[in-house]
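This briefing goes through one protein chain by topic, for a reader who wants to follow each point on the model. Please keep the sequence and the structure in view while reading.

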Amino acid sequence: MLTVLLVCLSSELRPELFSSASRSQSLDRAMDLGLAEDHFSRPVDSFVALDIEQLKMAIEECKRLILELPEHSERQKDTVVKLIHLRLKLQELKDPEEDEPNLRVLLEHRFSKEKSKSVKQTCDKCSTIIWGLIQTWYTCAGCYYRCHSKCLNLINKPCVRSKVSHQSEYELSICPEIGLDRQDYRCAECRTPVSLRGVPSEARQCDYTGQYYCSTCHWNDTAVIPARVIHNWEFEPRKVCRSSMRYLALMIPRPVLKLREVNPLLFNFVEELVEIRKLRQDILLMKPYFITCKEAMEARLLLQLHDRQHFVENNDMYSLQDLIDISSGRLSCSLTEIHTTFAKHIKLDCDRCQAKGFVCELCKEGDILFPFDSHTSVCHDCSAVFHRDCFYDNSTTCPKCARMTERKHDDPREHVVCMLCLRQL
């Protein structure tokens, strides 16, 4: 590392600076600056009082001294350390650390001061590196927008989380481009002049919005595009602008995609979707058993789906993360395991849940049946459960429905009670 630094220093200096006279002058002036002392102990008359120009002079003298000293010598190494300290002090004077507030609210951003000094980040406003060791920086708790403290008052982009809260839906057209002429050859976000030739600034297209952005607003980040997933079942990440990247990152766990309405044909071509839909339907049929079972409530079985709470609410809404996990096979494995755990509790572990099973009234044979069993069918009118073969081979009506109809004719009051019970169910 020292060798690399020496090479970099040599490229910064001119050859004429290495005469014998300049060497002696450099050594004398460097020693006058007190490079052999610890400047950070803050003694009286230390160089803390020096202005920026004097620090720059000290840095130049230190660089010359490093190149003149014997290579890999202890004195050269010590001087390199001094040079680093000098440059850090110069940066500190250029960007002094002030007593910044811990929280700032701007354009619906909720900025909090970061305390990490070792992690290198990039400012989303000025696109330069944030040196956490000597610079104060903030991160938005909502959209993770990062910037220097000095850039806070220059921000003109509102928090993306507010857009997610007010507009929880995707653009479902694939790269809806309108052309640079419709954008007046300006960045769609900051209105900086752009062109495809890179003069004065390169125009970069966002595959999600279809619009063009400058290099400050578009860093060539990539993300999975929802429209391409729904229409083409394509998961290759595409280049998107910074605001689209944050929006998609915040939207990815939200169940806002109703595939049955947007692209119902997808179920005919993607077998994994059919499997997941069946598992979700079974889980919805298991849910009534759990919410009336004390043991299941104490074991908090339904909380196994806390990351996908919509799975216990409906069977037709999907998040983008669901579709990504379906494509990779992760969701099928995890959901099958949860389905097995749920079924085991109802059919084997819990006597109360077993007591809520059904006996096929058509054949009156076999084990206890449950509505989520793969070999059963459920009457749509009374929710009675039968063997699938018995149900479809039976030419008569459902026995339970027949009994209910008979009771309705025999006792109208009983019919009212039955109707009330059905409404409660």
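In the second largest pocket, H7 supplies the largest share of the lining, namely 4 residues. The model is a predicted one, in which local features need pLDDT of at least 70 and side-chain atom pairs count only at pLDDT 80 or more, whereas totals for chains, interfaces and linings use all residues. Residues are numbered from 1 along each chain as its sequence is written, and side-chain values use heavy atoms, with hydrogens and water left out.

**The second largest pocket**

- The volume of the second largest pocket is about 390 Å³, where a volume is the space filled by probe spheres set on grid points that are joined across faces, edges and corners.
- A pocket here is an open set of points on a 1 Å grid over the protein atoms alone, where a 1.4 Å probe fits and protein lies on both sides within 12 Å along at least five of seven lines, and its lining residues have an atom within 4 Å of a point.
- The second largest pocket is lined by 21 residues, of which Val 160, Lys 163, Ser 243, Ser 244 and Tyr 247 are the closest to its centre.
- Two or more lining residues are given by each of helix H5 (160-166) and H7.

**The chain as a whole**

- The protein chain holds 17 helices and 14 strands, which are DSSP runs numbered from the N terminus (helices: H or I, at least four residues; strands: E, at least two).
- Of the 425 residues in the protein chain, 38% are buried, with buried meaning under 20% relative accessible area, exposed over 50% and partly exposed in between (1.4 Å probe, protein chains only).
- The protein chain exposes about 24,900 Å², of which carbon and sulfur atoms supply 52%; accessible areas come from the Shrake-Rupley method with a 1.4 Å probe, and for residues only the protein chains shown count as cover.
- Among contacts with a separation of 6 or more in the protein chain, 59% are between residues 24 or more positions apart, a contact being heavy atoms within 4.5 Å.

- Strand S1 (residues 103-106) and strand S2 (residues 109-113) run antiparallel and are joined by 4 bridges; two strands pair if DSSP finds at least two bridges between them.
- Along this pairing, Leu 103 stands opposite Ser 112 in S2, and Val 105 stands opposite Arg 110 in S2.
- The hairpin of S1 and S2 has 2 residues between the strands, and Leu 107 in this hairpin takes a positive phi near 50 degrees.
- S2 is also joined by 3 bridges to strand S5 (residues 137-140), and these two run antiparallel, with Tyr 138 in S5 as the bridge partner of Lys 113.

**Salt bridges**

- Side chains of opposite charge can pair when their charged atoms come close.
- The whole structure contains 21 salt bridges, each defined as a side-chain nitrogen of Lys or Arg within 4 Å of a carboxyl oxygen of Asp or Glu.
- Glu 60 and Lys 63 meet in a salt bridge of 3.3 Å, N to O, and both lie in helix H3 (residues 52-68), 3 residues apart, about one turn of the helix.
- Within that pair, Glu 60 is partly exposed at a relative accessible area of 30%, whereas Lys 63 is buried at 4% relative accessibility.
- Asp 124 forms a salt bridge with Arg 242, with 2.6 Å between the closest N and O atoms.
- This pair links distant parts of the chain, 118 residues apart, with Asp 124 in the loop between strand S3 (121-122) and strand S4 (129-130) and Arg 242 in helix H7 (residues 242-251).
- Asp 124 counts as buried at 3% relative accessibility, and Arg 242 counts as buried at 10%.
- Arg 228 and Glu 234 meet through their side chains in a salt bridge of 3.9 Å, N to O; Arg 228 is buried with a relative accessible area of 12%, and Glu 234 is buried with 19%.

**Around Gln 309**

- Gln 309 lies in the loop between helix H11 (294-299) and strand S12 (317-318), and counts as partly exposed at 37% relative accessibility.
- The C-alpha atoms of Gln 309 and Pro 255 are separated by 9.3 Å, while the two residues are 54 residues apart along the chain.
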